[in-house]
Amino acid sequence: MITVKFFGLICVDCNIRQLIVKEGTVKQVLNQVMQSCPNISEQRLSQAIMFVNKQHINGNKRFSVLLKDGDELALLSPSSGG
Amino acid sequence: MFGYAEKIAKINLSSGKVEDYPVSDKDREMFIGGKTLAAKIIYDSFKSKVEAFSEENIIVITTSPLTSSTSPCSSRFNVSTISPLTGLLVSSNCGGSFGLHLRRAGYDGLVICGKSKGKVYIDIRNEDISMKNAEHLWGKNTSEVQNLLGGKNIGKFVIGIAGENMVRYAAVISEERAAGRGGVGAVFGFKNLKGIIASGTENIRIYDRDNFKKHNLNWIKKLKSHLLTGEQLPKLGTASLVSMMNFRNQLATKNYSRGSYEDFEKINGETLRQDFTIKNKGCVTCPIQCGRVVKAYGKNVKGPELETMGLLGSNLLNNDMQSILNLNHLCDEYGIDTISFGSSVGFAMELNEKGLWNNGLNFGDCAGLEELVKKVATRQGIGDVLAEGTRRIADKYGGNDFAMNVKGLEIAAYEPRAAQGMGLGYATANRGGCHLNGGYLVVLEGLGLNVSGRISKGKAAYTIFFQDLMEAVSAGGTCLFTTYSLLPQALIKNPNKILVRFINKVIPSFGWLVGFLHNHSWLMSFNVMGILPHPYSIKSVTGFETTIGRFIKTGERGYNLERIINIRQGLKSSDDTLPKRLTSELQRADDDDSKVKLDVIIKDYYKIRGWDEQGVPTRRRLKKLGLEGYSI
């Protein structure tokens with residue numbers, strides 16, 4: 001299973017911290033997230049900064065990254081100001 | 001003159017004499033107010049090096065034209081002195097209401113000199129200034145003292161027990177807000193000054209009230225509609241950065257030995273909001289409201305900022321949020337800077353771990369920390385050593401390479417090996433290891449925009465630009481958070497788009513252009529609200545012909561003047577450095593770019609600043625800034 005974690009405004013606005021979904025590519029995992037949480041839009045997910053097992057993934061190829069059992073996908077909204 | 005009370009009081013604590021401190025209209029136009037005007041006063045007041053704990057040292061409190069003007073986020077005021085931590089100039093900024101009330105009492109600022117024989121506080125009421133006995137206030141914490149000094153409509157600025165005991169990083173508190181950095185509270189304590197109160201009914205004359213009102217409404221709208229100032233900061237506060245910093249390896253962890261913490265989710269902004277926040281709170285006239293109200297010891301109190309979460313959390317491997325809330329509250333009550341306290345404790349833990357100082361403090365074992373705050377404030381036991389700060393602890397026990405300070409001031413919660421520009425900022429900031437005075441380049445390096453934090457190309461020019469911009473914003477009296485709304489939302493909201501990724505990639509290549517503009521600020525002789533609202537506000541309030549270019553030049557002028565004061569205080573170019581851990585140890589063994597390449601970028605920095613190889617501002621640069629005649 002894959003653990004999807006939500007941070008920043010995406011966590012607050014969608015009122016979700018964590019979700020467990022089935023293995024697949026990032027694209028497939030995000031589809032599962034949208035099915036489980038209808039209040040999360042595709043646009044919101046595509047804007048998120050993504051880390052797989054703490055490693056940053058970006059670009060269109062990020063959607064095809066394969067997530068295996070036990071992997072963690074973190075979705076963060078941009079933040080600043082300390 | 002519009003925008004000013006036109007009065008600064010010079011108060012001699014030794015003699016009790018109060019007189020006007022002369023400031024010319026030209027000085028006001030050149031330095032505006034806040035920390036830059038304070039630097040001008042301190043430069044003029046000393047002829048040679050002055051020790052922090054000496055009767056010669058002065059405390060300069062300054063407001064700005066926008067203070068109490070109803071401009072958004074403008075309740076800020078400044079306090080400057082020679083720091084007992086660094087021996088250099090320190091300027092500490094505070095969001096409490098004291099500055100606003102000082103202006104209503106009829107003063108733009110105060111110059112406090114000498115040393116009182118007995119314990120006193122200063123009472124300012126509608127221009128009348130008197131010194132009053134503070135024996136009954138001594139030994140009391142900051143909230144109790146403020147309660148004893150009066151009710152609403154009185155501005156208060158007081159020290160706690162730490163200041164009385166000259167803890168070198170003692171803060172001064174107004175309401176719950178701290179002028180925290182650099183030990184200004186210790187100088188208050190040395191002078192036997194418990195605090196200052198001010199009240200009055202004066203109003204500042206506004207040059208162009210109609211345009212000012214219109215401009216304020218637009219500015220507030222801009223702040224409220226921006227992703228960072230309108231959503232993220234109100235909803236999550238500054239603590240929202242913990243998560244992003246952790247993923248980007250920028251979160252100070254275990255005395256900066258690494259940049260991420262496995263338990264960060266227990267102490268991040270999301271957990272603070274969900275499980276501990278009662279409501280938002282903010283400074284007067286602030287539409288952002290980034291502050292939090294939380295519970296500590298059964299009371300509703302101010303919640304911790306990002307820096308506090310880092311320094312009292314991940315830096316100590318403390319995963320107990322309630323412990324952080326309690327420690328933050330205790331530091332406010334005793335009047336202690338949470339950054340320097342957390343860094344000193346983290347350093348002591350590592351010294352203990354390495355067998356260099358057997359002090360009983362261990363990473364992750366935070367049960368005794370609340371008692372330790374008291375020990376520091378009262379200088380009991382190991383608290384007496386910790387109260388000296390990391391540099392002096394290292395002098396006693398060794399470990400200089402991992403004593404996380406610059407010039408004696410403990411660095412903030414951003415681990416700079418993953419943010420090269422932030423590292424340069426720490427190394428060159430006039431007050432020492434400060435993220436804000438350092439230019440906060442991390443705003444480009446992953447916390448805002450997404451320029452790689454591992455590269456150094458172009459960072460010198462951007463660091464200088466942001467240092468001068470923040471200096472100018474401080475001089476004007478506005479909260480630095482207002483600058484975040486200047487970042488284009490399209491770049492922040494869409495980090496994954498091809499064009500945005502391309503822009504983030506090429507931003508460092510435009511360092512030369514930023515450096516060019518820095519040296520030719522006359523090219524920015526215009527005002528555009530959408531680019532930078534601050535100079536237009538100052539123009540509306542004062543009538544000064546302030547443009548974006550002139551505004552940033554004011555910041556540069558202040559930065560250079562502070563540098564001159566510091567050189568007079570003994571600063572050398574070799575002090576523009578970082579602890580060896582950050583420049584020599586790789587943060588990640590497989591990444592050669594995971595250390596701060598300071599030796600490369602600091603040369604560019606000096607060159608663009610117009611300083612010589614020793615880091616001294618050249619005569620030519622000083623002349624350009626209107627500082628001819630200002631010498632070391």
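At what angle do helix α2 and helix α23 of chain B pack, and how far apart are their axes?

**Entry 1, conventions.** I note that this is a predicted model, in which local features need pLDDT of at least 70 and side-chain atom pairs count only at pLDDT 80 or more, while totals for chains, interfaces and linings use all residues. Residues are numbered from 1 along each chain as its sequence is written, and chains are lettered from A and ligands numbered from 1 in the order in which they are written.

I looked up α2 (residues 34-45) and α23 (residues 548-568) of chain B and found an angle of about 35°, with the axes 9 Å apart; helices are DSSP runs of H or I with at least four residues, and strands are runs of E with at least two, numbered from the N terminus. Axes are lines fitted to C-alpha atoms, for helices over the stretch in contact, and angles run from 0 to 180 degrees between N-to-C directions. On the α2(B) side the contact includes B:Lys35, B:Ala39 and B:Tyr43, and on the α23(B) side B:Arg557, B:Leu561 and B:Ile565 are among the residues, where contact requires C-beta atoms, placed from the backbone, within 7 Å. By class I read 6 nonpolar, 3 polar and 4 charged residues in this contact (nonpolar: Ala, Val, Leu, Ile, Met, Phe, Trp, Tyr, Cys and Pro; charged: Asp, Glu, Lys and Arg; polar: the others, Gly among them).

The assignment, automatic or from a database, gives domain 1 (8-199), domain 2 (240-398) and domain 3 (416-624). I found the C-alpha centres of domain 1 and domain 2 of chain B 26 Å apart, with 32 residues of domain 1 in contact with 23 residues of domain 2. On the domain 1 side, α5(B) supplies the largest share, 3 residues, and that side divides into 14 nonpolar, 14 polar and 4 charged residues.

Which residues have the most contacts inside the largest nonpolar core? In this core of 219 residues, they are A:Leu75, B:Val167, B:Val172, B:Ile336, B:Val373 and B:Val376. I followed B:Val373, which touches B:Leu327, B:Leu330, B:Cys331, B:Tyr334 and B:Ile336, not counting residues up to four places away in sequence. A nonpolar core joins buried Ala, Val, Leu, Ile, Met, Phe, Trp, Tyr and Cys residues through C-beta atoms within 7 Å, buried meaning 20 or more other C-beta atoms within 10 Å of the residue's own, with C-beta atoms placed from the backbone.

Methods. Two residues are in contact if their C-beta atoms, placed from the backbone, lie within 7 Å. A residue is buried if 20 or more other C-beta atoms lie within 10 Å of its own, exposed if 12 or fewer, and partly exposed in between; C-beta atoms are placed from the backbone.
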